[in-house]
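Dear colleague,

Please find below the structure that I am handing over to you. My notes on it follow.

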Amino acid sequence: MFFTLIRLQILKSFRSTAFAKSLLANLLLGFLALLLLSYVLGAGIFLRRIIEHFADGEDLLGVLNSYLVFFFLTEFMYRYFVQSLPVIELESLLHLPIGKRKIIHMLLFRSFISPLSVIALLLFLPFGIQVVLVSYGWMGLVTWLGSILMTSWTLHWFMLWFKQRFEDSLIGLLVVFGVLLVGAGSSYMGWYNLGEITKPVFDLALVSPFPFLALVGLVVGAYSLCFLFYVSNAYLEDLSEEENVRFVNQSFGWLSRFGMPGEMANVEWKLIVRHKKSRTFLMLSAFFLLYGLIFYNNPAYKSEDGFSFIFIFVGVFITGIFMIQYGQLFLSWNSSNFDFYLSKKSGVEALVRGKYLLFFGISMVCFLASVPYAYFGWHFLLIHLATFLFNIGILVHVIIWFALWKPKPMDLNKGAMFNYEGVGAAQFLIIIPMMLGPYLIYVPFSLLFNDYIGLFALGTIGILGIIFYNRLAQININRVLNNRYEISSSFRQEL
Amino acid sequence: MIQISQLKKQYKDAVVLNIDSLEISKGQCFGLVGNNGAGKTTLFRIMLDLVRATEGYVKIAGQDVSKTEEWKSIMGAYLDEHMLLAYLTPDEYFETLRKIYGMSEADLRNHLEKFMELFNGEVLEKKKYIRDLSKGNLKKVGIAAAMMGNPEVVMLDEPFENLDPSSQIRLKKLIQKETENSKITFLISSHDLNHVTDICDRIVLLEKGKVIRDLREKAEMMSELEAYFTG
């Protein structure tokens, strides 16, 4: 029975229309996964040298053990974003005379077969062989590595439960931010040393099997929690996420002032908050606001006069992440209702202008939210202002122009991570103008005069773009109108 | 009101639509019937400029649909759920359309008043997105939306499909009333011969993309169609 179910799963994934259509994309993804895993393995092999480099002369194992907790915090974060839930297949199985518990066991087991489950093993096994085996023998290696693996797998089951239970809810977000804060509080602010608190567990695991056994118990516990939750909620209404109307009155009154485009921006905003994929994109924008923390205070990018070139890129990202991310799939967001806009008078024009309006609005919010970076130096404020102007004056048109190259349909209710629906060659090509564009203008002025003149040039070009907004936007609108038959027929196709 | 001339749609070698000439006059209730694959939906899509015609043209109120957009303000249509914003609630959707058509709130209330019987209390003021509605209620939303903004032409693809029997009768009454009162031109495609012969004063039968019957005599419609479809 169990194997029949597994076989069905395999057939399903091989025979789905998406698989045949995007075989190449799947191969690419598979290759990418292998590549990433091999990087992880590579990092694992050199882990010993890396630690020696940073903490020369100290006890290697002690150092690693004290940093393990940060690995798990990171794992928590990437699992939260990447790990997908196995409930989608449930619908087609529930009505069959197969025990519910069996189905759930199968689904959970299947979710476990994932590259994520071996990352910890690949990363720490080489180190274990190089260091632990030598000083603590086989027993030490098994219990130490076992403890790490069990912690990682506990996270797997815990996350399956957590995401199904709290995803998209305020509590879920708060917990994720809480985890971020716990990590940051320890490493960045130095309030307390999280590593030292959890270090004894892994130190003990080297010489005694108890931590390992306790963690095995924890895995079983997390699995049971997950299993019981799924079994008791194995009804279509619970798991298929039929949403209540949660955002009914969330509309921006001020957008109405811009007429039809304003109304469209309003509707688009509702689209964003009511679909899983777009919500994730929005949330990512919020996370990217923190991007500057990596660069701005980093001694590697300090320079004597002016500032590092890389800051321009960071500024473009911080103030424009939403238009870069959301805009590269420009029309695909509306793939399921594009005919609506076509059948309305000036509907397409209003749609495109509405999106522009939304991009301007959200960029503005990002710019304002990035003002506190002035704490690291006033020039960051200038960088953000210049890149912000450049983003909304020039870059937004460029991104949309590229995104209008053969837009593809996509399902907005699927998750955003590793979901390449709607993505084509154009979405990769966008990266080029996005990276080079600002530098084309900034670098000549910065080299000829100084960095601030470069910023000034960037901002001026941006303002010119804003002045000619109507003409530039019209180019993209005409592109949509000229390709309307191809776009609408490709959107009507099944995914 | 609507002129179609030398209209042809071809996918590679397959000709899916080929209509020499067809005129639909104002205030007519025009029915389109035909078996699956006859080209009904393709014809409607070309008339709405959603699909490009290979040859020929469609004119609505004298304007070629592929060249201008003016005709869109006198045309309302509901073909399928692609024409709805499924992530809004019905109320929000009507509100959005109200702004697009520049109607007042009273206009909207008056308009929806006409549909109260059809909606049967299951559509408005329910906290449910359009995408979560049943197929029947989805259709009702689409039909009510197509008739907003005082259109002169309303195009409905399979309006009776998925509706329960009482809703079908209510919809029929509604269409008949609108043709009488506001001189709206209805274009309706349907597989339900009883309904379509009831309400339409002209029925065109398509087969493999060609017009093979153009029936205008109400008395003979039913028998002619039955004769054709029973083969």
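**Two helix pairs in chain A**

In chain A, H19(A) passes H21(A) in a right-handed crossing; a crossing is called right-handed if the near helix is turned clockwise from the far one by less than a right angle, and left-handed if anticlockwise. Please note that this is a predicted model, in which local features need pLDDT of at least 70 and side-chain atom pairs count only at pLDDT 80 or more, while totals for chains, interfaces and linings use all residues. Residues are numbered from 1 along each chain as its sequence is written, chains are lettered from A, and ligands are numbered from 1, in the order in which they are written.

Helices (H or I, at least four residues) and strands (E, at least two) are DSSP runs numbered from the N terminus. H19(A) covers residues 378–403 and H21(A) residues 431–448; the two pack at an angle of about 140°, with their axes 11 Å apart. Axes are lines fitted to C-alpha atoms, for helices over the stretch in contact, and angles run from 0 to 180 degrees between N-to-C directions. H19(A) and H21(A) are therefore oblique to each other (under 35 degrees is roughly parallel, over 145 roughly antiparallel, 65 to 115 roughly perpendicular, and the rest oblique).

The residues of H19(A) that meet H21(A) are Thr387(A), Phe390(A), Ile394(A), Leu395(A), Val398(A) and Ile399(A), and their counterparts are Pro433(A), Met434(A), Gly437(A) and Pro438(A). Two residues are in contact if their C-beta atoms, placed from the backbone, lie within 7 Å. This contact between H19(A) and H21(A) has eight nonpolar, two polar and no charged residues (Ala, Val, Leu, Ile, Met, Phe, Trp, Tyr, Cys and Pro count as nonpolar, Asp, Glu, Lys and Arg as charged, and the others, Gly among them, as polar).

The second pair is H5(A) (residues 60–82) and H10(A) (residues 194–207), which pack at an angle of about 110° with their axes 7 Å apart. That angle makes H5(A) roughly perpendicular to H10(A), and their crossing is right-handed. H5(A) contributes Asn65(A), Ser66(A), Tyr67(A), Leu68(A), Val69(A) and Phe70(A) to the contact, and among the residues from H10(A) are Leu194(A), Lys199(A) and Phe202(A). By class, the contact of H5(A) with H10(A) divides into six nonpolar, four polar and three charged residues.

Chain A as a whole has 24 helices and zero strands. Of its 495 residues, 34% are buried (buried: 20 or more other C-beta atoms within 10 Å of its own; exposed: 12 or fewer; partly exposed: in between; C-beta atoms placed from the backbone).

**The sheets of chain B**

Chain B has an open sheet of six strands in the order E6-E7-E8-E3-E9-E10, with mixed pairing; two strands pair if DSSP finds at least two bridges between them. E6(B) (75–78) and E10(B) (210–215) each have a single partner strand, so one side of each is left without a neighbour in the sheet. On average, neighbouring strands are turned by 15° against each other, direction ignored.

E6(B) runs parallel to E7(B) (residues 153–157), and four bridges join them. Ala77(B) has Met155(B) as its bridge partner, and Tyr78(B) has Leu156(B). Met75(B) and Ala77(B) point one way from E6(B), Gly76(B) and Tyr78(B) the other way, and all are buried. In a regular strand the side chains alternate between the two faces of the sheet.

H5(B) (residues 135–146) lies across E6(B) and E7(B), running at about 170° to E6(B). H8(B) (residues 218–230) also packs on the sheet, where it touches E3(B), E9(B) and E10(B), and its direction makes about 145° with that of E10(B).

A further open sheet in chain B has four strands in the order E2-E1-E4-E5, with antiparallel pairing. E2(B) (14–24) and E5(B) (63–64) are its edge strands. Nine bridges join E1(B) (residues 2–11) to E2(B), and in these strands Lys8(B) stands opposite Asn18(B). E1(B) and E2(B) form a hairpin with two residues between them, and Lys12(B) in the turn has a positive phi of about 50°. Five bridges join E1(B) to E4(B) (residues 55–60), with Ile2(B) and Ile60(B) as bridge partners.

**Where the chains meet**

The contact between the chains takes 25 residues from chain A and 23 residues from chain B. On the side of chain B, H2(B) (residues 90–100) supplies the largest share, three residues. That side has twelve nonpolar, four polar and seven charged residues.

With kind regards
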